[in-house]
Amino acid sequence: MKKVIVISGINLRSGGPLAILRDCLSFLNQNEISKQYHIVALVHKKELCDFPNIEYIEFPDSINSWIKRLYYEYIHFRRLSKKLKPYLWLSLHDITPNVNAERQAVYMHNPSIVNRIKLRDFKYDKTYMAFALLYKYLYKINIQRNNYCIVQQEWFKTECSKKFSIPGHRFIVASPNITLDFPKTAPTYTKCKTFFFPSFPRPFKNFETVCKAASLLVNRGWKDFKIILTLDPNLNSYAKDIIKKYHNISQIEFVGLIPPREMQKYYGKTDCLIFPSRLETWGLPISEFIPFNKPMIVADEPYAHETSQGANMVSFFSTNNAEELSLFMEQALEGEFERFSHNDRKELAYPFAKDYDSLFKILLSDDPMMIERISNRYSLSDKFRLFCDLVMTKIKHFKQRIVRQPFICRGG
């Protein structure tokens, strides 16, 4: 009988998080792992990521409320795990469920626990901001149960290691499933006229700083330039307010969201990328723009320093400083790139995974380090609870001999 791998993603239904679920299941579907293990995917709807070698259990009401979501994570999944008896339970959406499994891991891709929330952000997205505040507590529940926590960048690993008192060697740094094509030739230094910032409008994306910088450039006499922003007034109130405030600046072009298949065309006609977001899990447009070997101006934030590694012409500005951003843009307009430089690539410490193949080799391996982590997975409170369970069982069945598996045999 095959051992069971459970991939949990009941709340992933759009955007980057859904791409993570689809990429993971697509890999397992095609890999030899699907022949050696029985793969069970817990999803919102099967049609979002339907692959033939995967068994699906749907939870269509999981998005109805956070109470429903937490019920599944902390109550229902425990019962389900007793039925499935998984060898590995991998949760792809931040929360560590209360389950019985030989091995357990969580993919932590929501960096909101380190978001510098501003009061004005609540005006545009009260629900997101409320859960950004709550998320650091949800992250913490059961997190010590995991053999590994999976993150996309080294800086987030460091932050989580500090916040949750988890040693760094229990984190796997796993890059997103993208091909990083680094330029092999020197960049061409030409004057920039077209700037581009593609993103979905949320307050932390920091569109207003780009618009303020454009206003400053116009006030200094610059007319012959264009900034393309992926905003549309119908997307949300944040986008609507930005457009209402800056629609009179003719140099800003609001084009709405761009289909992924057209992004390469926009990158090709862009002279300089701007990426001012205050916080990202990765910052995909930065990676996608690197192969074009053109200048980029990005926020001076840890995620951007990591994602832009390998870029030939990158400069970092103080995230909320429109004046500094406008000065970098002015230098690009003049063709002066002294403050743009190459960002060296840095080696990651083990364990790290460059793709899903190397990720699952770590998660499913029998190396001594993994076995040691399994044997020490339970926190002190977990071990105390198990001890109390044993005592109560002995009291209840006083005359019977109770045989308990050692921790190492049952994943504890």
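## Helix α12 and residue Q331

Residue Q331 is found in helix α12. In this predicted model, Q331 counts as buried because its relative accessibility is 18%, and the cut-off for a buried residue is under 20%. When neighbours within four places in sequence are set aside, the residues in contact with Q331 are E336, R339 and F340.

Helix α12 covers residues 322–334, and the loop between this helix and strand β14 (352–353) holds P351. The peptide bond joining Y350 and P351 is cis, with omega at about 5 degrees. As a general rule, most peptide bonds are trans.

## Overall composition

The secondary structure of the protein comes to 15 helices and 14 strands. The protein has 412 residues, of which 52% count as buried. Taking the contacts between residues at least 6 apart in sequence, 66% join residues at least 24 apart.

Strand β1 (residues 3–9) is mostly covered, with 6 of its 7 residues buried. On one pairing, β1 is joined to β2 (residues 37–43) by 7 bridges, and the two strands run parallel. On another, 4 bridges join β1 to β4 (residues 88–91), again in parallel. Residue S8 takes part in both pairings: S8 stands opposite L42 in β2 and opposite S91 in β4. Strand β2 is also joined to β3, by 4 bridges in a parallel arrangement, and the bridge partner of V43 in β3 is E58.

## Helices lying across the sheet

The buried residues in α6 include W155, F156, K157, C160, S161 and F164. In an α-helix there are 3.6 residues a turn, so residues three or four places apart point the same way. Just after α6, S165 takes a positive phi of about 55 degrees.

## Further residues with positive phi

Most residues other than glycine have a negative phi. Residue K85, which is not a glycine, has a positive phi near 50 degrees. The position of K85 is in the loop between α3 (66–84) and β4. K85 is exposed, because its relative accessible area is 62%, and the cut-off for an exposed residue is over 50%.

Residue N142 is likewise not a glycine, and its phi is positive at about 65 degrees. N142 is found in the loop between α5 (126–140) and β6 (148–151).

## The second largest pocket

The second largest pocket holds about 660 Å³ of space. Its lining has 27 residues, and those nearest the centre of the pocket are S175, L180, Q309, K346 and L348. By residue class, the lining divides into 12 nonpolar, 9 polar and 6 charged.

Three elements, α6, α11 (302–307) and β14, each supply at least two residues of this lining. Helix α11 gives the most, with 4 residues.

About 30 Å³ of space lies in the largest cavity. The residues that line this cavity are P183, I290, N293, K294, M296, A311, N312 and M313. The lining divides into 5 nonpolar, 2 polar and 1 charged.

Conventions:
Residues are numbered from 1 along each chain as its sequence is written. This is a predicted model: local features need pLDDT of at least 70, side-chain atom pairs count only at pLDDT 80 or more; totals for chains, interfaces and linings use all residues. Side-chain values use heavy atoms; hydrogens and water are left out. Buried means under 20% relative accessible area, exposed over 50%, partly exposed in between (1.4 Å probe, protein chains only). Two strands pair if DSSP finds at least two bridges between them. Contact means heavy atoms within 4.5 Å. On a 1 Å grid over the protein atoms alone, a cavity is a set of points where a 1.4 Å probe fits but cannot get out, and a pocket is an open set with protein on both sides within 12 Å along at least five of seven lines; lining residues have an atom within 4 Å of a point. Grid points are joined across faces, edges and corners, and a volume is the space filled by probe spheres set on the points. Ala, Val, Leu, Ile, Met, Phe, Trp, Tyr, Cys and Pro count as nonpolar, Asp, Glu, Lys and Arg as charged, and the others, Gly among them, as polar.
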